[in-house]
Amino acid sequence: MRLPEKNYTNREMVEVMEEVLLGGASALQLRDKSSSKYDLIQKGRAIKRLASRFGVPFFMNDHLDVALAVDADGVHFGQGDFPLIEARKLLGHQKIIGISTHSIEQAQEAERNGANYIGVGPVFQTNTKIDAERAIGVSGFQEIASSVRIPTVAIGGINEQNASDIIRAGAKQLAVISGVVAKDNVKEAAKYYTNLYDGERNNV
């Protein structure tokens with residue numbers, strides 16, 4: 001579950017993320033392009049404590065230095081961010097590294113360079129990220145996912161209407177933002193995707 005770029009206080013942020021975890025989310029990621037490093041560290045430590053309490057991994061998006069400072073379980077990069085090979089040298093092999101990919105070439109390069117998983121997308125059109133790539137669709141996701149052996153996380157525009165399609169296409173996890181945290185009942189929204197995923201995967 002990604003935390004959206006929104007002006008939460010630390011308390012509000014933790015409360016929302018706790019509801020997400022109570023709904024069954026299996027990981028948390030902090031993506032924040034605007035806060036200062038100081039604030040990112042405070043947010044990161046708060047989410048790390050929460051994630052540890054629930055026994056799920058916490059990922060920092062982009063900011064390798066913040067990930068190191070708060071002892072995040074892993075870091076997630078976009079294309080053009082910190083080089084994956086160099087990140088592995090700094091993080092060692094105990095930490096998880098993921099990277100967003102938009103093509104077969106990028107996915108295979110990520111696997112060669114030691115990524116533990118890749119984000120694949122945007123699968124569907126999304127308004128959450130203003131600089132998002134063109135949507136690749138379910139068939140595009142399948143092509144990219146089948147080109148690598150590491151786990152794939154579906155990203156971009158996932159909602160109640162299309163989640164089943166991408167689960168059946170082989171996504172190991174779903175990255176959902178507005179489909180959960182923008183809902184009035186965050187816990188129930190997260191539970192919907194958790195139950196949907198479990199049900200669809202059991203039928204595969």
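1. Helices and strands are named here as DSSP runs, helices of at least four residues and strands of at least two, numbered from the N terminus. The model is predicted. On that basis, Phe82 falls in the loop that runs between β4 (74-77) and α4 (84-91). In total, the protein has 9 helices and 8 strands.

2. Phe82 has a relative accessibility of 34% and therefore counts as partly exposed. Together with Leu68 and Leu90, Phe82 makes a nonpolar surface patch of about 280 Å².

3. Some overall values follow. The protein has 204 residues, and 50% of them count as buried. Its accessible surface comes to about 10,200 Å², with 46% of that belonging to carbon and sulfur atoms. Among contacts with a separation of 6 or more, 54% are between residues 24 or more positions apart.

4. Which residues touch the most other members of the largest nonpolar core? They are Leu28, Phe58, Ile118, Phe141, Leu174 and Val180, in a core of 60 residues. Leaving aside residues up to four places away in sequence, Phe141 touches Val120, Val123, Ile136, Thr152, Val153, Ala154, Ile166, Ala169, Gly170 and Ala171. Another core, of 6 residues, lies apart from the one of 60. Its members include Ala27, Phe59, Tyr117 and Ile155.

5. Aromatic pairs number 3 in the structure. One of them joins Phe59 and Tyr117: the ring centres are 5.8 Å apart and the planes stand at 75 degrees, so this pair is edge-to-face. Phe59 belongs to strand β3 (residues 58-61) and Tyr117 to strand β6 (residues 117-120), so the pair ties together parts that are 58 residues apart in sequence.

6. In one of them, Glu18 pairs with Arg53, and the closest N and O atoms are 3.3 Å apart. Glu18 is in helix α1 (residues 10-22) and Arg53 in helix α2 (residues 37-54), so the bridge ties together parts that are 35 residues apart in sequence. Glu18 is partly exposed, with a relative accessible area of 25%. Arg53, at 55% relative accessibility, counts as exposed, the cut-off for that class being over 50%.

7. Asp62 and Lys33 form a salt bridge through their side chains, at 2.0 Å from N to O. Why does this pair tie together parts that are 29 residues apart in sequence? Asp62 sits in the loop between β3 and α3 (64-69), while Lys33 sits in the loop between β2 (28-30) and α2. Asp62 has a relative accessible area of 14% and is therefore buried, since buried means under 20%. Lys33 is partly exposed, at 47%.

8. Lys191 and Glu188 make a salt bridge with an N to O distance of 3.5 Å. Both lie in helix α9 (residues 186-202), and because they are 3 residues apart there, about one helical turn separates them. Lys191 counts as partly exposed at 28% relative accessibility, and Glu188 is partly exposed with a relative accessible area of 39%.

9. A last point concerns Glu143, which is in helix α6 (residues 137-145). Glu143 is partly exposed, with a relative accessible area of 48%. How many residues along the chain separate Glu143 from Ser103? They are 40 residues apart, and their C-alpha atoms are separated by 8.7 Å.

Technical notes
Residues are numbered from 1 along each chain as its sequence is written. This is a predicted model: local features need pLDDT of at least 70, side-chain atom pairs count only at pLDDT 80 or more; totals for chains, interfaces and linings use all residues. Side-chain values use heavy atoms; hydrogens and water are left out. Patches are made of residues with over 30% relative accessible area and no salt bridge: like charges are joined within 9 Å, nonpolar side chains (Val, Leu, Ile, Met, Phe, Trp, Tyr) within 5 Å. Accessible areas come from the Shrake-Rupley method with a 1.4 Å probe; for residues, only the protein chains shown count as cover. A salt bridge is a side-chain nitrogen of Lys or Arg within 4 Å of a carboxyl oxygen of Asp or Glu. Buried means under 20% relative accessible area, exposed over 50%, partly exposed in between (1.4 Å probe, protein chains only). Rings of Phe, Tyr and Trp (its six-membered ring) pair if their centres lie within 6.5 Å; planes under 30 degrees apart count as stacked, over 60 as edge-to-face and the rest as tilted. A nonpolar core is a set of buried Ala, Val, Leu, Ile, Met, Phe, Trp, Tyr and Cys residues joined through side-chain atoms within 4.5 Å. Contact means heavy atoms within 4.5 Å.
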